[in-house]
Amino acid sequence: MTGLTKEKIMDVALALFMERGIRDVSIDEVCHELGISKKTFYVFYAKKEDLVRDTVYFQLEERHDMMVAFMGTRNPVQVLKVLPSMIDEYNMCESNYLRATYDLKKYYPKTFETVMSDNLNASNKAMGEFIDWGTREGFFRSDIDKDSCLVIISIIFNGFNSFAYDLSSSKRKRPSTTALVKTIVDIITHTLLSNKGWEEYNKAEDPSEAKNSKAFRLPRCGAHENRISE
């Protein structure tokens, strides 16, 4: 199993989960894509749920790394202005992502609850640091009560997640994830920006230009070539 790592297994599994959902992808199929035996697979994972858990966290870490790289070259106002365009990149696979998330919630509820809790805590921490950053730079209002702001933002995103992951409403007319995110970011922008922030906002780069950034990476919608020679 030369060259085989957990990351390669997760990479292939994530592509399959995004393409067909978690429930319909078997360990046999993951092994086939990798060109390995189930015996080799079980060296790394005792059961499918362990792979599912690690794969979800793997994807979240990738998105976090993408955001860190993106924010490293911009100020807080520029990040707010182009954030919805970043979501557009993921919207290409919106139905795939929702199907995979639905399967996670239905068939692995404990893993889903743990992931959502960890993701919420990480998001609150990151948002708090983001507000501190913008305030230090003078782009955000100094009279904002950060703790109250974080509570409101958390409520908004919890409502967003509940709606986005509720596939029972898929037959009804519903706004796209991108449209919802744009509205949420617009609310946050109007809440946070100071006069200096609005001056910067009006001269910040156009969102379409941000897509040329190396920080933008397409989501994993299809299988990758990761076959291993045992």
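Modeller: The side chains of D50 and K47 meet in a salt bridge, with 3.2 Å from N to O. This is a predicted model: local features need pLDDT of at least 70, side-chain atom pairs count only at pLDDT 80 or more, and totals for chains, interfaces and linings use all residues. Residues are numbered from 1 along each chain as its sequence is written, and side-chain values use heavy atoms, with hydrogens and water left out.

Biologist: What is a salt bridge by this rule?

Modeller: Side chains of opposite charge can pair when their charged atoms come close. The criterion is a side-chain nitrogen of Lys or Arg within 4 Å of a carboxyl oxygen of Asp or Glu. By this rule the count comes to 10 salt bridges.

Biologist: Is D50 buried or exposed?

Modeller: Buried means under 20% relative accessible area, exposed over 50%, and partly exposed in between (1.4 Å probe, protein chains only). D50 is buried, because its relative accessible area is 14%.

Biologist: How many helices and strands does the protein chain have?

Modeller: Helices (H or I, at least four residues) and strands (E, at least two) are DSSP runs, numbered from the N terminus. The protein chain has 11 helices and zero strands.

Biologist: How do the axes of α4 and α7 cross?

Modeller: Two packed helices are described by the angle between their axes and the distance between the axes. Axes are lines fitted to C-alpha atoms, for helices over the stretch in contact, and angles run from 0 to 180 degrees between N-to-C directions. The axes of α4 (residues 48–71) and α7 (residues 109–136) come within 11 Å and cross at roughly 10°. This makes α4 roughly parallel to α7; angles under 35 degrees count as roughly parallel, over 145 as roughly antiparallel, 65 to 115 as roughly perpendicular and the rest as oblique. Contact means heavy atoms within 4.5 Å. Among the residues that meet are R53 and Y57 in α4, and D118 and W133 in α7.
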